[in-house]
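This report walks through selected local features of one model. Keep the sequence and the structure in view while reading.

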Amino acid sequence: MAGWDEVLREVSSVPNVLDTTREKYIEQLSKLTGRNTICYYSSFLTKQAQNTGIIDNDINGFMTAIKGMDCSRGLDLILHTQGGSPEAAEAIVSYLKAKFGNNIRVIVPQIAMSAGTMIACAAKEIFMGKHSSLGPIDPQFGGGIPAYNVVWEFNQARESLRKNPTDINYWRLRIQQYPASFLKSALDAISLSSELASNWLASNMFAMDADKDNKVKRVVEHLNEHDMSKTHGRHFDIDKCRSYGLVINALEDDQKLQDAVLSVHHSCMISIDKTNIIKIIEGNKGRRVLITQNV
């Protein structure tokens with residue numbers, strides 16, 4: 001008869017069917033492309049939880065996923081994220097470039113917004129489907145406050161007080177919600193987002209283009225433009241992204257690739273839906289970091 005501890009060890013050693021399913025489809029995609037594959041998935045569409053966005057700690061997940069890979073084969077990064085910290089995105093891109101050089105492609109099966117779109121700008125090319133979306137790269141602060149909204153509110157206060165100094169008490173109540181130096185932080189974040197996207201586009205996607213400077217400027221102006229009648233959550237589909245000048249490949253042009261990508265996508269989304277997983281960072285070598293949280 002097996003003891004309690006022996007049965008517990010045996011049960012714990014049984015592979016999780018969700019893990020093995022993801023692993024199978026990620027490996028199939030990697031074999032199809034002849035490239036390394038890493039999935040970065042967030043639960044943001046279905047679960048409200050902390051740390052679903054792109055954060056500094058994600059670098060540990062990428063380090064785990066990359067271990068054992070032959071980096072000369074390049075990387076396909078599958079992104080599904082609402083975005084997050086531009087600084088964290090910078091650290092992730094810097095690390096991936098150190099490992100794979102410019103041989104990085106980004107695949108967006110559904111949504112890669114904000115800092116996710118920034119990371120996509122670091123790729124040599126992007127793959128999207130008719131159902132896929134990128135978004136504006138204007139950064140957000142804790143609580144989901146767009147940096148541009150902060151700048152707009154301070155500008156509104158300045159203009160209003162210039163015309164009507166008696167509005168001082170109203171604007172004092174509005175502005176005091178922001179910590180000291182918050183306006184500068186917002187302006188710095190906006191500047192950083194544009195700077196990073198510009199540098200990444202110039203060094204990879206448009207590196208060999210004779211009209212590089214103009215193309216980079218055009219893309220970044222579209223991705224970081226802001227109008228208070230528009231929202232941070234706007235979705236840019238494949239046609240709009242192409243009209244901005246981004247190098248986009250349609251998943252529908254290669255049925256085998258589309259099927260393989262969507263198999264990975266569905267396995268990741270089902271894993272998130274059926275468990276308390278809020279983030280998946282997983283590579284084709286079967287190494288993964290799964291972030292869980294009771295939500």
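Thr64 sits in helix H3, which spans residues 58–66. The model is a predicted one. Thr64 is partly exposed, because its relative accessibility is 29%. In sequence, Thr64 and Lys285 are 221 residues apart. In space, their C-alpha atoms are 9.8 Å apart.

Ser185 belongs to helix H8, residues 182–205. With a relative accessible area of 33%, Ser185 is partly exposed. Ser185 and Val150 are separated by 35 residues in sequence. The C-alpha to C-alpha distance between Ser185 and Val150 is 9.7 Å.

How many of the residues of strand E10 are buried? Strand E10 covers residues 277–283, and seven of the seven are buried, so this strand is largely enclosed by the rest of the structure.

Strand E10 pairs with strand E1, residues 36–42. The sense is antiparallel, and the pairing runs over five bridges. Within this pairing, Cys39 has Glu282 of E10 as its bridge partner.

Strand E10 also pairs with strand E11, residues 288–292. Here too the pairing is antiparallel. Five bridges join E10 and E11. Glu282 is found again in this pairing, opposite Arg288 in E11.

E10 and E11 form a hairpin with four residues between the strands. In that hairpin, Gly286 takes a positive phi near 80°.

Most residues other than glycine have a negative phi.

Asn51 is not a glycine, yet its phi is positive, at about 70°. Asn51 is found in the loop between E1 and H3. Asn51 is partly exposed, with a relative accessible area of 45%.

Ser114 has a positive phi near 50°, and is also a residue other than glycine. The loop that holds Ser114 runs between strand E4 (111–112) and helix H5 (115–120). Is Ser114 buried or exposed? Ser114 is buried, because its relative accessible area is 3%, and the cut-off for buried is under 20%.

Helix H5 holds Thr117. Thr117 counts as buried, at 0% relative accessibility. What does the side chain of Thr117 reach? The side chain of Thr117 reaches the backbone oxygen of Ala112 at 2.7 Å.

Arg35 lies in the loop between helix H2 (17–33) and E1. Arg35 is buried, with a relative accessible area of 9%. The side chain of Arg35 makes a polar contact with the side chain of Asp76, at 2.8 Å.

The table gathers the accessibility of residues discussed so far.

| Residue | Relative accessible area | Class |
|---|---|---|
| Arg35 | 9% | buried |
| Asn51 | 45% | partly exposed |
| Thr64 | 29% | partly exposed |
| Ser114 | 3% | buried |
| Thr117 | 0% | buried |
| Ser185 | 33% | partly exposed |

## Cysteines without a bond

A disulfide is a covalent bond between the sulfur atoms of two cysteines. How many disulfides does the model have? The count is zero.

A disulfide would need the two sulfur atoms within 2.5 Å.

Cys121 is buried, at 1% relative accessibility. Cys241 is buried too, with a relative accessible area of 0%.

## A cavity in the model

Rolling a probe the size of a water molecule over the atoms shows where empty space is left. How many cavities of 30 Å³ or more are counted? There are two cavities of 30 Å³ or more.

The second largest cavity has a volume of about 40 Å³. Its lining consists of Leu77, Val93, Leu96, Ile104, Val106, Ile119, Ala122 and Ala123. Helix H4 (86–100) and strand E3 (104–108) are the elements that give two or more residues to this lining. By class, the lining has eight nonpolar residues, no polar residues and no charged residues.

Definitions and conventions:
Residues numbered from 1 in each chain as written. Heavy atoms only, no water. 1 Å grid on protein atoms, 1.4 Å probe; cavity = no way out; pocket = protein on both sides within 12 Å on 5 of 7 lines; lining within 4 Å. Points joined across faces, edges and corners; volume = space filled by probe spheres on them. Nonpolar A, V, L, I, M, F, W, Y, C, P; charged D, E, K, R; others polar. Buried < 20%, exposed > 50% of the residue type's maximum accessible area, 1.4 Å probe, protein only. Pairing = 2+ DSSP bridges. Polar contact = N/O pair within 3.5 Å; in protein donor to acceptor, adjacent residues only side chain to side chain.
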